[in-house]
Amino acid sequence: MRDWIWEAVEELSPALRLPLVLRHFSTGVTSYEGIADACGVPVGTVRSRLNQGRAKLATALAATADTPHDNTARRLRASRVEAHETLAAAENGRFGALMTERWSPEIALLRGNDPVGGRSVLTRGMDGDLEAGVRQRLVHAVAGRSLVIWEMDLLSPVDNPDHCPPSVAWLMTLDDAGRPHRLRLLHPRPVQALQSLTPM
């Protein structure tokens, strides 16, 4: 049943898929306000898209009932491994190299729907966090063919326990080759450090 549901989710448009997946499959980005922040739309639009998404999902479930379904458990396991390898590479100073090897050449960091930078901005942000003593720990993952979510605990340094918010969600849209293509980083509250990463 899980595989069938995900097959139907993949039939939704990206505008409907992200809010529905956040609302029903994530653990930390389920409020209308959080989803609105993630999608860069008003809260009223989130309500509308969730209603449309549920209706279209019901239609897609009927349409995909007899079609082959991907093994979502295997895809989720692979995504969790990828998350751990990504964090390990970052701690070893290889985050930029890993992005070059595994992510789309057109990877872009988005704030809402607006691009704010690419690989260099992401590398600078990750390296800066690590230099400040911040570490990330995967606590939950969601993995589809077109969308991956990694929910992380953010661990501030012992001598500065309020350095960062307690968590971050990596919301990644994948390209046709299954590589991260667009990334949104969602925190429970605005983070000034992210503002400073925007290129002048």
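1. Two strands are taken to pair if DSSP finds at least two bridges between them, and helices (H or I, at least four residues) and strands (E, at least two) are DSSP runs numbered from the N terminus. On that basis, an open sheet of six strands runs in the order 2-1-6-5-4-3, with mixed pairing. Its edges are strand 2 (114-117) and strand 3 (135-143), each of which pairs on one side only.

2. The model is a predicted one, in which local features need pLDDT of at least 70 and side-chain atom pairs count only at pLDDT 80 or more, while totals for chains, interfaces and linings use all residues. Residues are numbered from 1 along each chain as its sequence is written, and side-chain values use heavy atoms, with hydrogens and water left out.

3. Strand 1 (residues 108-111) pairs with strand 2 in the antiparallel sense over three bridges, and Leu109 stands opposite Gly117 in strand 2. Helix 2 packs on the sheet, where it touches strand 3, strand 4 (147-155), strand 5 and strand 6 (180-186), contact meaning heavy atoms within 4.5 Å. The direction of helix 2 makes about 50° with that of strand 4; axes are lines fitted to C-alpha atoms, for helices over the stretch in contact, and angles run from 0 to 180 degrees between N-to-C directions.

4. The structure holds five aromatic pairs, where rings of Phe, Tyr and Trp (its six-membered ring) pair if their centres lie within 6.5 Å, and planes under 30 degrees apart count as stacked, over 60 as edge-to-face and the rest as tilted. The rings of Trp6 and Phe25 have centres 5.0 Å apart and planes at 40°, so this pair is tilted. Trp6 lies in helix 1 (residues 2-9) and Phe25 in helix 2 (residues 14-25), 19 residues apart. Trp6 counts as buried at 7% relative accessibility, whereas Phe25 is partly exposed at 26% (buried is under 20% relative accessible area, exposed over 50%, partly exposed in between, with a 1.4 Å probe and protein chains only).

5. Phe95 and Trp170, both buried, belong to one aromatic cluster together with Trp103 and Trp150.

6. Eight salt bridges are found in a search of the whole structure, each requiring a side-chain nitrogen of Lys or Arg within 4 Å of a carboxyl oxygen of Asp or Glu. Glu10 and Arg17, both buried, meet at 4.0 Å, N to O.
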